[in-house]
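Take a walk through this structure, starting at one side chain and widening out to the whole chain. Keep the sequence at hand.

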Amino acid sequence: PAQYDLAKLLRQRREMMGNWEDLLYTAAASGYPKAQRACARCGAFYNNNFIFDDEIGSEYLLSKSHGHPEDLYWAIEAAQQNDPDSQAMLGLLYERKENIRDAFLCYTRAATQGNVVAIQAILRIGHRYEEQKDIPRTLIAYEALPHNPEANARLGRLYENSMKDLEKAKEYYEKAAALGWTNPEFLYHLVEIGGTLPELLPEVE
């Protein structure tokens, strides 16, 4: 961590003394996930410029990925430490290379730890399958986010419109509402099909 912080400080101050790149690689080789992510981002995402965690968002990096073998190595090293940000970044690398299977596995591991980038990526993958009318894969994608209100609302829509199972649809709609999905049109439709709204406000004694 000290080597990572020093490398970051030198880079921020644009100081020429010392080789901050070597410090960063040393920190990465010692197993520090933030340093490993910075190394992975170097060529994979930003044309051989090191990118530290607080300098740019991972969603933007997706469009910059080249997927060099060394970058993939460092991303895998960081992700193997159960670091959710690194798992999400590795998923972005795999998705960029059209390896959706491995990308989805990485996203799922990160999403279970609350990583927002991974959650949005899973929703994006599910939507892609939904547009392709690939119902089995759509179900797998959305079911990977059992505590996400939008994923449950989409599952309800899928069961209602594609699988013609209104009871199952209602179950997912009600779960989505209970988790906080408060889109007015959605809530109106839930009532329209006989669903039950959650108790949004506490009872007044």
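Begin at Leu 90. Setting aside residues up to four places away in sequence, Leu 90 touches Leu 72, Ala 75, Ile 76, Ala 79 and Cys 106. Contact here means heavy atoms within 4.5 Å.

A word on the ground rules. This is a predicted model, in which local features need pLDDT of at least 70 and side-chain atom pairs count only at pLDDT 80 or more, while totals for chains, interfaces and linings use all residues. Residues are numbered from 1 along each chain as its sequence is written, and side-chain values use heavy atoms, with hydrogens and water left out.

Leu 90 belongs to the largest nonpolar core, a group of 43 residues. Such a core is a set of buried Ala, Val, Leu, Ile, Met, Phe, Trp, Tyr and Cys residues joined through side-chain atoms within 4.5 Å. Buried means under 20% relative accessible area, exposed over 50%, and partly exposed in between (1.4 Å probe, protein chains only). Leu 90, Tyr 107, Leu 145 and Phe 186 touch the most other members. Two or more residues come from each of α5 (69-79), α6 (84-96), α7 (100-111), α8 (116-131), α9 (135-143), α10 (149-161), α11 (166-178) and α12 (184-192). Helix α8 gives the most, with eight residues. In soluble globular proteins, nonpolar side chains tend to be buried together.

Now step back to the whole chain. The chain has twelve helices and zero strands. Helices (H or I, at least four residues) and strands (E, at least two) are DSSP runs, numbered from the N terminus. Of its 205 residues, 46% count as buried. Take contacts between residues at least 6 apart in sequence: 44% of them join residues at least 24 apart. The accessible surface comes to about 11400 Å², and 52% of it belongs to carbon and sulfur atoms. That area comes from the Shrake-Rupley method with a 1.4 Å probe; for residues, only the protein chains shown count as cover.

Next, Ala 111 in helix α7. Ala 111 is buried, at a relative accessible area of 11%. Beyond four places in sequence, Ala 111 touches Ala 118, Ile 119, Ile 122 and Leu 145. The C-alpha atoms of Ala 111 and Gln 87 are separated by 9.1 Å, and these residues lie 24 apart along the chain.

Which side chain makes a polar contact with Glu 130? The side chain of Tyr 142 does, at 2.8 Å. A polar contact is a pair of N or O atoms within 3.5 Å; within protein, one must be able to donate a hydrogen and the other to accept it, and residues adjacent in sequence count only if both atoms are side-chain atoms. Glu 130 sits in helix α8. At 18% relative accessibility, Glu 130 counts as buried. Its contacts beyond four places in sequence are Thr 138, Tyr 142, Arg 157 and Leu 158.

At the start of α12, a side-chain oxygen of Asn 183 reaches to within 3.0 Å of the backbone nitrogen of Glu 185. Just after α12, Gly 194 takes a positive phi of about 90 degrees.

Two loops deserve a look. Most residues other than glycine have a negative phi, and most peptide bonds are trans. Asn 82, not a glycine, has a positive phi of about 65 degrees. Asn 82 is in the loop between α5 and α6 and counts as partly exposed at 49% relative accessibility. Glu 98 also has a positive phi, near 65 degrees. Glu 98 lies in the loop between α6 and α7 and is exposed, at 60%.

Finally, confidence. The chain averages a pLDDT of 76, and 67% of the residues score at least 70. pLDDT is the predictor's confidence in each residue, from 0 to 100. Confidence is highest in α9, at 96, and lowest in helix α4 (residues 58-61), at a mean of 39. Over residues 44-68, pLDDT stays under 50, and the model has 66 contacts beyond four places in sequence for them. Residues 201-205 also stay under 50, with zero such contacts. Where pLDDT is low, the predicted coordinates should not be read in detail.
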